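Please open the model in your viewer and keep the selection panel at hand. The tour below goes from one selection to the next and says what is found at each stop.

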Amino acid sequence: MAKVMVMEHPLIQHKIGIIRRTGTSSKEFRELVGEVAMFMAYEATRDLKLREIEIETPLAKTKAMQLAGKKLAVVPILRAGLGMVEGMLAMIPAAKVGHIGLYRDPDTLEPVEYYCKLPADSSEREVFVVDPMLATGGSAVAAIAMLKEKGVKNIRFLCLIAAPEGLKKLQETHPDVDIYVGALDDHLNEHGYIVPGLGDAGDRIFGTK
């Protein structure tokens, strides 16, 4: 079973507390989502492999470390996941970016793909799937399945807030995917919203509520 990391860093917890507030403006909400994503990227890349190389400083040649092995990619689940991309790229600017678009079928309530564009060499990359909310888990499970169908083998999932129901579903369906969570909330309500949560992340990021 892959690992689940719930972030305990004080700055992450402080910023998530501000994000949750009803009175936080769209501008501040967007900025804070990006900042939290940046801190989470720091934690989610902690175990990336390094290799030693030789470089030249202004004074001498010396040994230095650089990332080894697989390249990286960030794949947001549209549309709310877009809010996390800038923060991720602040930490890993060389990463490529793909996009997965899903909507929920009103009859079956199952996620349906409407868009998928990935870097051509995604199967050779370490892919970070990002979405602010992990509620029922349906979108995350479907997005990761799509990536696997396209040959991606190394996947990590990052979200700001998760419900226990969605976390359990994602773990059971994709036990090989490491999950990084900013805060683990109490439960889902009858409408599938995370409680206490923060409302609809997409509406709050883009000011469409």
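## Stop one: an annotated set

Begin by selecting Ile194, Gly199, Asp200 and Ala201, which the UniProt record, an unreviewed entry, covers with the annotation "binding site"; UniProt positions are given here in the numbering used for this model, feature names are shortened, and annotations may be inferred rather than shown by experiment. From this set, Ile194, Gly199, Asp200 and Ala201 are taken in by the lining of the largest pocket. A pocket, on a 1 Å grid over the protein atoms alone, is an open set of points where a 1.4 Å probe fits, with protein on both sides within 12 Å along at least five of seven lines, and its lining residues have an atom within 4 Å of a point.

This is a predicted model, in which local features need pLDDT of at least 70 and side-chain atom pairs count only at pLDDT 80 or more, whereas totals for chains, interfaces and linings use all residues. Residues are numbered from 1 along each chain as its sequence is written, and side-chain values use heavy atoms, with hydrogens and water left out.

## Stop two: aspartate 200 and alanine 201

Now select aspartate 200, in the loop between strand E13 (194-195) and helix H6 (201-206); helices (H or I, at least four residues) and strands (E, at least two) are DSSP runs, numbered from the N terminus. Its relative accessible area of 26% makes aspartate 200 partly exposed, where buried means under 20%, exposed over 50%, and partly exposed in between (1.4 Å probe, protein chains only). Apart from neighbours within four places in sequence, aspartate 200 is in contact (heavy atoms within 4.5 Å) with Arg79 and Tyr193. A polar atom of the aspartate 200 side chain also lies 2.8 Å from the backbone nitrogen of aspartate 203.

Moving on to alanine 201 brings you into helix H6. Alanine 201 is buried, with a relative accessible area of 5%, and, leaving aside neighbours within four places in sequence, alanine 201 is in contact with Phe29, Ala80, Pro132 and Met133.

## Stop three: the largest pocket

Display next the largest pocket, whose volume is about 870 Å³; grid points are joined across faces, edges and corners, and a volume is the space filled by probe spheres set on the points. Its lining comprises 30 residues, and Arg104, Asp131, Ala135, Ser139 and Asp200 are those that lie nearest the pocket centre. Among the elements that each supply at least two residues of this lining are strand E6 (99-104), strand E7 (111-117) and strand E9 (133-134).

A further "binding site" feature from UniProt (unreviewed entry) is placed at Arg79, Arg104, Asp131, Pro132, Met133, Leu134, Ala135, Thr136, Gly137, Gly138, Ser139 and Asp200. Of these residues, the pocket lining includes Arg79, Arg104, Asp131, Met133, Leu134, Ala135, Thr136, Gly137, Gly138, Ser139 and Asp200.

Select methionine 133, which lies in strand E9 and is buried, at a relative accessible area of 16%. Beyond neighbours within four places in sequence, methionine 133 is in contact with Cys159, Ile161, Ile194, Leu198, Gly199 and Ala201. Glycine 137, in the loop between E9 and H4, is likewise buried, with a relative accessible area of 4%; not counting residues up to four places away in sequence, glycine 137 touches Gly166 and Lys169.

Select isoleucine 19 to see its surroundings: not counting residues up to four places away in sequence, isoleucine 19 touches Phe29, Leu32, Val33, Val36, Leu160, Leu198 and Arg204.

Note on methods
A polar contact is a pair of N or O atoms within 3.5 Å; within protein, one must be able to donate a hydrogen and the other to accept it, and residues adjacent in sequence count only if both atoms are side-chain atoms.
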